[in-house]
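Work through the exercises below with the sequence and the 3D structure at hand. Each task is followed by a worked solution.

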Amino acid sequence: YSLNLKDSFNPNEKHDLVFGINTELQNNNIGGWGFLIPAYDRYSAGIFVYDHYKINENFHLQGGLRYDAGLMETKSHFDWFQTPVNNPDGSTSRVYLQRARNESLEFSNFSGSIGLSYIQQNTTYKINLGKSFRVPLANELASDGVNYHMYRYERGNIDLDPEQSYQLDVDIDHTTTKLNIGISPFVNFFENFIYLNPTSNYYETLQIYEYTQSKVFRFGGEARAGINLTPELRLDAAAEYVYSRQTSGPKKDFTIPFSPPLSGLFSASYQFKDIAFLQLPQLTADFRITAAQNDIVPHEEVTDGFQILNLSANTAIQFFGKGKPTQLRVKLNNVFNTEYYDHTSFYRLIDVPEPGRNLSISMTVPF
């Protein structure tokens, strides 16, 4: 159950104030024969204030402050079946293993951000500085079982602290009728980043992952550009990169698991004139290049790079007189049927490649 209240207030033409409260109650019960997370109750509430201050027509200041508090109560759970356990004297006992305990955990902290934006003719400059706060989830705190959807055994950590980070990001965008170009770098530092750590241990052929936390430094960003070569032909390009390093913990100086590699996307689209009953059909080609991911955490696998081509066509078709036209979209993914692996996908854990060549057709019909 959730409740969200928000109100805005304008004391003058320069300020735009927003106040709000968010509350949520979660009640989770479990059944069946397996166990992954315990039954729990989770209460959370937050109060915030935000101000948009218009310094002048092209210069704006935005700032916000928020306070959150949360309570997590987990319920005790024992296996319904007995498990053999080796005793120190060499004997073996059969016991009902305890998977979760009765715990009551409280969390609270502040978060906030401040940002500036400036418009100079066709160029927009933005800079933001912020602090974030996140309460650990139930699976991060108390999981202890097989996650069949993710093909792994997951084990939580009841001693996790709330995740906190500090971030600085910048965005510069230049847009004209023919050209747009932009860059969005960021840098952030986590005091206690929560992540799923792959271990060298296995449970019935499934690798065991344990939730842990460490200090993490990250930076990266996106660069993008697009140009209209003619009224019909447009070219676009974009690149993304993220660098991460743990600066504490047992895997200090390593990255974090499931880190995305450097990738780029190049696309070309051509807008045709009406062809018979097809209204303004458009053909688009997307070519994605992804580098190999060799920067990994121990017990994580290296993933080779790949290149794939996707084609799509969009058009409108007038079926119902002068009403809204029907929108038709046809897309051919992975044109050359390339076999590749996505480093960030859970299918990578069991060496299942991403889908090969496939065709999809969608139609939106107005009524």
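**Exercise 1: the cavity**

The largest cavity holds about 30 Å³ of space. The model is predicted: local features need pLDDT of at least 70, side-chain atom pairs count only at pLDDT 80 or more, and totals for chains, interfaces and linings use all residues. Residues are numbered from 1 along each chain as its sequence is written, and side-chain values use heavy atoms, with hydrogens and water left out.

Task: find which residues line the largest cavity.

Solution.
1. A cavity is a set of points on a 1 Å grid over the protein atoms alone where a 1.4 Å probe fits but cannot get out, and lining residues have an atom within 4 Å of a point.
2. Grid points are joined across faces, edges and corners, and the volume is the space filled by probe spheres set on the points.
3. The lining consists of Arg 42, Tyr 43, Ser 44, Gly 70, Leu 71, Met 72, Phe 107, Val 135 and Pro 136.
4. Strand E3 (40–56) and strand E4 (59–74) are the elements that give two or more residues to this lining; strands are DSSP runs (E, at least two residues), numbered from the N terminus.

**Exercise 2: contacts of a lining residue**

Task: list what Phe 107 touches, not counting residues up to four places away in sequence.

Solution.
1. Contact means heavy atoms within 4.5 Å.
2. Phe 107 is one of the residues that line the largest cavity.
3. Its partners are Asp 68, Ala 69, Gly 70, Met 72, Phe 133, Val 135, Pro 136, Leu 141, Leu 160 and Pro 162.
4. Among these partners, Gly 70, Met 72, Val 135 and Pro 136 also line the largest cavity.

Methods:
On a 1 Å grid over the protein atoms alone, a cavity is a set of points where a 1.4 Å probe fits but cannot get out, and a pocket is an open set with protein on both sides within 12 Å along at least five of seven lines; lining residues have an atom within 4 Å of a point. Helices (H or I, at least four residues) and strands (E, at least two) are DSSP runs, numbered from the N terminus.
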